[in-house]
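Biologist: Could you walk me through how the two chains meet in this model? Please keep the terms plain.

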2 protein chains.
Amino acid sequence: MISGANYIGAELSKKGKKQFNTFNPKLNLPTEWTFQEANEEEIEAAAALAKEAFIVYREFSGKRRAEFLRAIAKEIENLGDELIQVYTQESGLPEGRAAGERGRTMGQLNAFASLLEEGSWVEASIDPAQPDRQPMPKVDLRKMQCPLGPIVVFGASNFPLAFSTAGGDTASALASGCPVIVKSHPMHAGTGELVASAIIKAAELTGMPNGVFSNLNSSGIEVGQQLVMHPVVKGVGFTGSIKGGTALYKLANERTEPIPVFAEMGSVNPIVVLPSALTEKGDEWAKQYAGSIMLGAGQFCTNPGLILGIKSTSLDDFISTLGTEIDKLDPICMLHPNIHSNYEKGKKELSDQATVDVVANHDADVAPNMAQQRVLTVNGTNFLKNTKLHQEVFGPFSIIVRCSDADEMQAILAKLEGQLTGTILGNENEIKKYKSIVHTLQDKVGRIIFNGVPTGVEVCPSMQHGGPFPAATDSRFTSVGTGAIQRWVRPVSFQNWPNESLPEALQNENPLGITRIVNGLHTTQAI
Amino acid sequence: MISGANYIGAELSKKGKKQFNTFNPKLNLPTEWTFQEANEEEIEAAAALAKEAFIVYREFSGKRRAEFLRAIAKEIENLGDELIQVYTQESGLPEGRAAGERGRTMGQLNAFASLLEEGSWVEASIDPAQPDRQPMPKVDLRKMQCPLGPIVVFGASNFPLAFSTAGGDTASALASGCPVIVKSHPMHAGTGELVASAIIKAAELTGMPNGVFSNLNSSGIEVGQQLVMHPVVKGVGFTGSIKGGTALYKLANERTEPIPVFAEMGSVNPIVVLPSALTEKGDEWAKQYAGSIMLGAGQFCTNPGLILGIKSTSLDDFISTLGTEIDKLDPICMLHPNIHSNYEKGKKELSDQATVDVVANHDADVAPNMAQQRVLTVNGTNFLKNTKLHQEVFGPFSIIVRCSDADEMQAILAKLEGQLTGTILGNENEIKKYKSIVHTLQDKVGRIIFNGVPTGVEVCPSMQHGGPFPAATDSRFTSVGTGAIQRWVRPVSFQNWPNESLPEALQNENPLGITRIVNGLHTTQAI
């Protein structure tokens, strides 16, 4: 049952005056669900509860927080078919995607639970005292990661589950010991409310303090801005547009106390097709990339929006095959009329640039909000000159650049902004032969892929989802994978602290049995 | 021999028009050394060289970079007595301090060298492929820390060696694989040039690329601003005032590509004196704190500027003893007339506040630039009301707050801004009894000390020197200790990358023998 209310901690609250509905892009009609936007009083209440909850929640052991995360996963599963139905209605995405994304969301929660149960993520480091050291005695110093405080998470339009209410940002922040206030995404506020109810239920079942989680509705930007500026808030997680993420980043830096904003923003995810990939596997790659560009109506931040090759007949063949293959695929419904109209606008703007040619253009009488794919091509000189062509078009759209040679290819890579991913198609010898191209690409990205597609982001410790600006606001962190927890913590050193008053992770006996750094070396031994 | 020139890589360069001299605060006269401020052409040249050098330098093994760092330490030692003489003339600090700081600077360089030789600092993480995984095969993902690119380091006035030209910022950035451009501090440009010559010599001896290090003179803020805005620069290290650090931080965020600025700024380093410390050891602590306040003329960022106690006769006794003890100590020469006049201004401003009383006030006919100590006291209510009293006065100055009870003490701590350190004086039972006070303090600081003084910052893996804003611009990093290297790197994931083309740290065989995280668990085993 969707109430349309906000969750201020465990309490359903509808104090504001602004209302909005979500939208079914397939029917091209508003849904039946009306939501009440959070007002200032509710924002204040959520912040005050989060502050109180932090005092208790931070003290809970990793094992207790893990119970909470596992219970959230379980309660999301218990939402059953209602969640799938609301998700598909609010997003236009198919049931299979909904079920897959639900599985991923539960998987993420359980992965963070496992991380907490194992416990070494706190990076405990111990340098015991040396009272006899000359010329000065050495004090006892012990350091570990401690949670920052309440975190605000912005739901992402393109992942109603995995990057929203109980997605990677929320899971990692709750895992770290920080309470979370979600600014629910207005396009899937119903999905958000259902997931929020699962989190609230899990919090109650596992004895978490009220206020460890709140969920606020909003259709505009005000609620988010107020949350980012709130003095209780100590960090922000965001996935979305460069414009939105940069605005929040700048806002947070204007606070009396600036706070970290981790915004994962846009990316064109350049693909470098080296000669052997064209001559040996051109058709195969063309087919795979047609699929990758179309995946989820191109609404992935890792969608391949830019393909670079060196002029040759085999590049011509690749382009022609990619065009043929992508034409065969059926357009997919986009998440919302706004996203669809932005896609049409972006597609037109780039297609209208002089010097570009059309490789493929799906142009049929389709249902509303369907994303009709388009692929353009341009030569390297013109691409280099026109930075408009470097911009992301969110949807099933890609540009293939015909570079005159490897030097031009490298010059283009050097000119690109930061990216989430970069891909090299070729053979092992070419990695060496084109070393300088590979390095130039590596410097622009968070993840570099050999012979694959960038879509598909594995959730594991070795994933880096982020990259130099504007792929993300801080390339030193990731928003996917267990490493994402490091965004919400800071190291605290304890000097000459009595053993029994130290956090367990730092006590002599190593009661948690974790891997620690003692005198600079990894060990699980007691002191 | 001091030339007064800039080092643009290995080349001595004097192209600018602006000149300045350093100053001997003890003689109250300019030194004999005249320096040429870097001009735009020289800034461009240093940046271009750093960019080129990065391509080569990043590829060097940890062992090669360690050789470079150890050679720098050696060459600093080889500067011999000239370095000590120039240091003391430019800073007014005694020879013992100069020698001690030189030792610390060399120790830091060697500590980073050891970190590189051991090698695990790159946080290598490997999740091998699982081609048979259902429903989807798992790709091979491997992640490690990679250097950001050229880093700009600002010399700090109060540590001409340990936080300046070859100080912790430079040592950690060079260790990480990043070239460094130093904006030399104008108060000790001669010391800076000597140390720069040692770095350049070490670079030549160990075959480092030209441009891995440059040293630029400047007397104003323009050179620093231009460096921070330069597109080649990928990160900034700064130690100094809140005003200076915040300005650079905001500037860097206004770039087309914002870059991380780690600024370690001010702190009053609150001391919480719990009842047992007053009744059992009041005199001893009063004596120790008189010394800690006076240390180095109070010119340490960890100087204890704020002492909180609960009203009692034993607090009165402590205050009176501290006053007597600090009066006995001789004033010390400050670094520069500007720092001295700022000290006098700050001291006067806080002393002029209504409701404060003087505990100790050294007021004698002293030589120029001598810092005459002052200690004030105020009751908790008035301190809470007047945030002017919360500000740092850089010098031998401290305020003792008489709190009416523990609640007021906690309210004061909750109101303070972020701090580098916080200290609890008391016994182990009091840590539990005043748990809420301890936690409130912990949330404000990077390092929490039990029964000690905050001055004295150990260089080791467990040190955290940083803290919530405005102690530092990013509480998630440290500027002292080997952890400081993490400011200049970002994780890069390699997906399905051929084993032999991977960086050694990520290869199956673990050729470096480092501790890695494989499938989420620490191990030194090969794959």
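**Where the chains meet**

Modeller: Strand β21(A) runs parallel to β20(B), and three bridges join them. Strands are DSSP runs (E, at least two residues; helices are H or I, at least four), numbered from the N terminus, and two strands pair if DSSP finds at least two bridges between them. This is a predicted model, in which local features need pLDDT of at least 70 and side-chain atom pairs count only at pLDDT 80 or more, while totals for chains, interfaces and linings use all residues. Residues are numbered from 1 along each chain as its sequence is written, with chains lettered from A and ligands numbered from 1 in the order in which they are written.

Biologist: Which residue is the bridge partner of A:F494 in β20(B)?

Modeller: The partner of A:F494 there is B:I448.

Biologist: What is the order of the strands in the open sheet?

Modeller: The order is β23(A)-β22(A)-β5(A)-β6(A)-β21(A)-β20(B)-β19(B)-β12(B)-β13(B)-β18(B)-β17(B)-β15(B), twelve strands with mixed pairing. The edges are β23 (521–523) of chain A and β15 (357–361) of chain B, each of which pairs on one side only. From one strand to the next, the twist averages 25 degrees.

Biologist: How do β5 and β6 of chain A run?

Modeller: Those two run antiparallel, with three bridges joining β5 (residues 125–127) to β6 (residues 141–147) in chain A. Within that pair, A:I126 stands opposite A:R142.

Biologist: Which strands does helix α15 of chain B lie across?

Modeller: Helix α15 (residues 435–442) of chain B lies across β21 (489–495) of chain A, as well as β12 (271–273), β19 (419–425) and β20 (445–450) of chain B. Its direction is at about 140 degrees to β20(B). Axes are lines fitted to C-alpha atoms, for helices over the stretch in contact, and angles run from 0 to 180 degrees between N-to-C directions.

Biologist: How many residues of chain B are in contact with chain A?

Modeller: On chain B, 51 residues are in contact with 51 residues of chain A; contact means that the C-beta atoms, placed from the backbone, lie within 7 Å. β21(B) gives the most to this side of chain B, with six residues.

Biologist: And by class, what does that side have?

Modeller: The side of chain B that touches chain A has 19 nonpolar, 20 polar and twelve charged residues. Ala, Val, Leu, Ile, Met, Phe, Trp, Tyr, Cys and Pro count as nonpolar, Asp, Glu, Lys and Arg as charged, and the others, Gly among them, as polar.

Terms used: Contact = placed C-beta atoms within 7 Å.
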